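Subject: Structure handover

Hello,

I am passing this structure on to you. Please open it first, then read my notes below.

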Amino acid sequence: MVNDRQSLDLTPFSVADARPAEWRISDSPVPYPEAMTAMEARVAEIAAGRAPELVWLLEHPPLYTSGTSGKASDLLEARFPIFATGRGGQLTYHGPGQRVAYVMLDLKRRRPDVRAYVAGLEEWIIRALSAFNVRGERREDRVGVWVKRPDKGEGCEDKIAAIGVRLKRWVSLHGIAINVEPDLSHFSGIVPCGVADRRYGVTSLVDLGHPVSMADVDVALREGFEEVFGPTLMLWPSSPYREPLRKA
């Protein structure tokens, strides 16, 4: 199968002379409802021109989320709270050891193309993973980033990063989740992203033999993001999520 997204030109996502996107990291787990409230408020401010773009890195307590294509049959065991969300996609897991990045970008200013934007997020993840000598790949029929697992059998692949997006007035919400060192057994309570084929599983950097820290991943993510989407502005110190997200 030809992978059409491989040939997309992603350079227009970096806008010359644009204000850098803010880059924030929360050091403690953020409850999902509070993260959604903060993200919705910030996106409204961005759309109104009252706040800069933002990339927010965090972890969540263990939970499941269901996107707009979620199916009740994909919840196999309600081991953790489940939240309905407006992002695209189906069921996924978030929890400790997984780096979630909520990406709030003005695509009207950058490039109003959802398909290309998803490919840009994939490219960002692929570049970040390459810092650890992990070859991530995109698939035309499966959103997210995958790694080949010949050790598990012919044609086997595992997902190492998930993507789910939503747009409001061409400002992006939600984003990506990279498995650094989560408890992979937590994914067994769902059919992750609706992919039931036994050849396709879930993995993490540590599971692949790369014992990297969350801080290492954050550095790689920032470098990869700037290569695809342009400059960022790190806000120091890393404050609790409530206060900085409510201010422009």
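Is H174 buried or exposed? H174 is buried, with a relative accessible area of 3%. Here buried means under 20% relative accessible area, exposed over 50%, and partly exposed in between, with a 1.4 Å probe and protein chains only.

Before you go further, two points on the source. This is a predicted model, where local features need pLDDT of at least 70 and side-chain atom pairs count only at pLDDT 80 or more, while totals for chains, interfaces and linings use all residues. Residues are numbered from 1 along each chain as its sequence is written, and side-chain values use heavy atoms, leaving out hydrogens and water.

The whole chain

The protein chain has 5 helices and 12 strands. These are DSSP runs numbered from the N terminus: helices are H or I with at least four residues, strands are E with at least two. Of its 248 residues, 52% count as buried. The chain exposes about 11,300 Å², and carbon and sulfur atoms supply 52% of that area. Accessible areas come from the Shrake-Rupley method with a 1.4 Å probe; for residues, only the protein chains shown count as cover.

Positive phi

Most residues other than glycine have a negative phi. H174, in strand β10 (residues 171-179), has a positive phi near 60°. N133 is not a glycine either, and its phi is positive at about 60°. N133 sits in the loop between α3 and β7 (137-139). N133 is exposed, with a relative accessible area of 71%.

The α3 and α4 pair

The axes of helix α3 (residues 114-130) and helix α4 (residues 214-229) come within 8 Å and cross at roughly 140°. That makes α3 oblique to α4. Angles under 35 degrees count as roughly parallel, over 145 as roughly antiparallel, 65 to 115 as roughly perpendicular, and the rest as oblique. Axes are lines fitted to C-alpha atoms, for helices over the stretch in contact, and angles run from 0 to 180 degrees between N-to-C directions. Contact means heavy atoms within 4.5 Å. Among the α3 residues that meet α4 are Y117, L121 and W124; the α4 side includes L221, F225 and F229.

A loop glycine

G70 is found in the loop between β3 (63-66) and β4 (82-84). G70 is partly exposed, at 31% relative accessible area. Leaving aside residues up to four places away in sequence, G70 touches G89, Q90 and L91. The C-alpha atoms of G70 and A84 are separated by 8.6 Å.

Best wishes
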